Amino acid sequence: MRIVRDVLDKKLIDVDGSEMGRVDGIVLEFPQDRQPRLVRLEMGGEILAERVGHWLIRPVTWLGAHIGPRRKARVSIDWKHVDRMGRDLHLDIRADETEALAWEHWLAENFISRIPGGG
Amino acid sequence: MKKIIQLALGIVTGIGGFLEIGSVTTAVQAGAAFRYQLIWALLLGIVCLGFMLEMSGRFAAVSKHTVIDGLRDRFGFGFFSIVLSGVALVVFLVLVAEIGGVALAIEMGTGVGIPWWGMPVAFLAWLLLWKGNFDLVEDAPSILGLITLFFAAGVHRLEPEWNDVIKGAVPSLPATDKPHYWFLAVSILGASVSPHLMYFYSSGAVEEKWDKTYIGINRIIAGAGAAFGGLLAVAVLILSALVFHARDIDVERFDQMARMMKVPFPEWGVVLFALALGVTCLGAAMEIALSISYMIGQGLGWHCSEEGKPVEEARFSTAYTVILFLATIPILLNIDPIKVTTIAMALTSATLPLAIVPFLILMNDDAYLKDFTNGIISNSVVVVIMLISFVLAAVSIPLQIFGG
């Protein structure tokens, strides 16, 4: 497995087959005298901002803290939940067990379902 | 049977993809200023678009993913965000122009100014997206768009000199005003080869769950669709040459453009032109609002679909709602839709390599396309046309700006 090619930026599919975002970041562990280990996957605007440029981190973090669902800046998913790998990564948990869909639910509840025809 | 219907609809969709404010404006300007001399640019655009649509359909049918999915997971977020923002900004300008186009069409019918119509038009487009599904968005404007066949009928009535028309298929230098000639060639290419069409087409193929059995049918839909829509744009160019060039009229406003249909159809011409413009621009506006939302949503891994209720795709529905709203602001500020169109088309040409180079890399990657990667013909045709349009854009846009 090549971590960047096969894991980073891949789409995450939960156990019910719903799309739950993409792998925005990867956390590795380097234990002494053992092989490096992939610990968890991370998602969130802050991580994407880090990847684009440092100047973006502050505005994105500020926005995340002041508008929307105000979830934790990054969503973490333990590597052990990755069930199958291919074009997409299939997990063995449901999207709602994580905060991955916080924005989706927040927009659905606060706006979309309140517009006629939305729900 | 289902495939036959899809085939017919797919070809008719070529009208929606091709004929919209960009190609109508550029074709009219080209015909008025240079008679048939720029037909070659339209033909190049048709060929390039046909190849690119075929590729995006094949990509979706084999990989079960959209082109946007591929761009994000093959190139990573950094590069993806550059392509996304470049293409999305230019396409957003086109969206403003399309909404302006519908507003203009209504102005022709009512006499009430464009700024008043931006909001209602965007609302109508939004309502159709909100209530409708993908088929409605793709098929309804296309079928109503058959009204553009009147452009072909108009050409038939005015009996052009076909020998001269055919000569226009070969590039030739104009006697005067070379910068304007090349600038129009660039705008025509930009109007024909809009990158958002590849994203929209591949998203449609994924929404309709295409698989490898669609590879053949996809080839016909893409080729015939681009040819059908493109030839209607050629008809617009010919009509404009017959009506405006012959009378030495320089077309700068849309109400002038409508006169082009008044000559072959004295009673209904203006109404036909307004209807054709309104329907095609409305369809294009809906497609573009969806395309930008697909770009953002698929890039971030959201569930994006025009099939379910808005609440099931809250972020996706929010995206097209916000985009349509933002696009009404320039209209309220009374910008000139023709100017926006001209700028947007030239910028599209200039930014084509940004969209096409990564796309071609994807199309040659067997991790996505297995045994169905691009052949040498597809690759060379698209690379050559992309280079032509890029070089022309790099040379003629500065000329146009500094030359007035």
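**Notebook: chains A and B**

I began with the salt bridges and found 23 of them over all chains of the structure. The model I am reading is a predicted one.

I looked up where the two partners sit. B:Asp73 belongs to helix α4 of chain B, while A:Lys10 is in the loop between α1 (3–6) and β1 (11–13) of chain A, so this pair joins two chains.

**Entry: where the chains meet**

How many residues of chain B are in contact with chain A? I noted 28 residues of chain B, in contact with 28 residues of chain A. The buried area between the two chains is about 2300 Å², and carbon and sulfur atoms give 54% of that area. I also asked which residues of chain B lose the most area to chain A. They are B:Asp73, B:Trp130 and B:Arg315, which together make up 26% of what the chain B side buries.

Between chain B and chain A I have 7 salt bridges. For polar contacts between chain B and chain A, the entry is 17 residue pairs, both residues being at pLDDT 80 or more.

I went on to the elements of chain B behind this contact. Helices α4 (67–110), α5 (118–131), α14 (269–300), α15 (314–332) and α17 (366–369) of chain B each supply at least two residues of the side that touches chain A. Of the elements, α4(B) gives the most, with 6 residues. By residue kind, I sorted the side of chain B that touches chain A into 11 nonpolar, 9 polar and 8 charged.

**Entry: chain A on its own**

I turned to chain A and its secondary structure, which comes to 4 helices and 7 strands. Read from the N terminus, the order of its elements is α-β-β-β-β-α-α-β-β-β-α. I wrote down the span of its C-alpha trace along the principal axes as about 60 × 35 × 20 Å.

**Entry: two helices of chain A**

How do helices α2 and α3 of chain A cross? The axes of α2 (residues 45–52) and α3 (residues 57–66) come within 9 Å, and the crossing is at roughly 170 degrees. That angle makes α2(A) roughly antiparallel to α3(A), because angles over 145 degrees count as such.

I listed the residues that meet. From α2(A) they are A:Gly45, A:Glu46, A:Ala49 and A:Glu50, and from α3(A) they are A:Ile57, A:Val60 and A:Thr61. I sorted the residues of this contact into 3 nonpolar, 2 polar and 2 charged.

Notes: Residues are numbered from 1 along each chain as its sequence is written. Chains are lettered from A and ligands numbered from 1 in the order in which they are written. This is a predicted model: local features need pLDDT of at least 70, side-chain atom pairs count only at pLDDT 80 or more; totals for chains, interfaces and linings use all residues. Side-chain values use heavy atoms; hydrogens and water are left out. Axes are lines fitted to C-alpha atoms, for helices over the stretch in contact, and angles run from 0 to 180 degrees between N-to-C directions. Angles under 35 degrees count as roughly parallel, over 145 as roughly antiparallel, 65 to 115 as roughly perpendicular and the rest as oblique. Contact means heavy atoms within 4.5 Å. Ala, Val, Leu, Ile, Met, Phe, Trp, Tyr, Cys and Pro count as nonpolar, Asp, Glu, Lys and Arg as charged, and the others, Gly among them, as polar. Buried area is the accessible area (1.4 Å probe) that two parts lose on being put together, summed over both. A salt bridge is a side-chain nitrogen of Lys or Arg within 4 Å of a carboxyl oxygen of Asp or Glu. A polar contact is a pair of N or O atoms within 3.5 Å; within protein, one must be able to donate a hydrogen and the other to accept it, and residues adjacent in sequence count only if both atoms are side-chain atoms.
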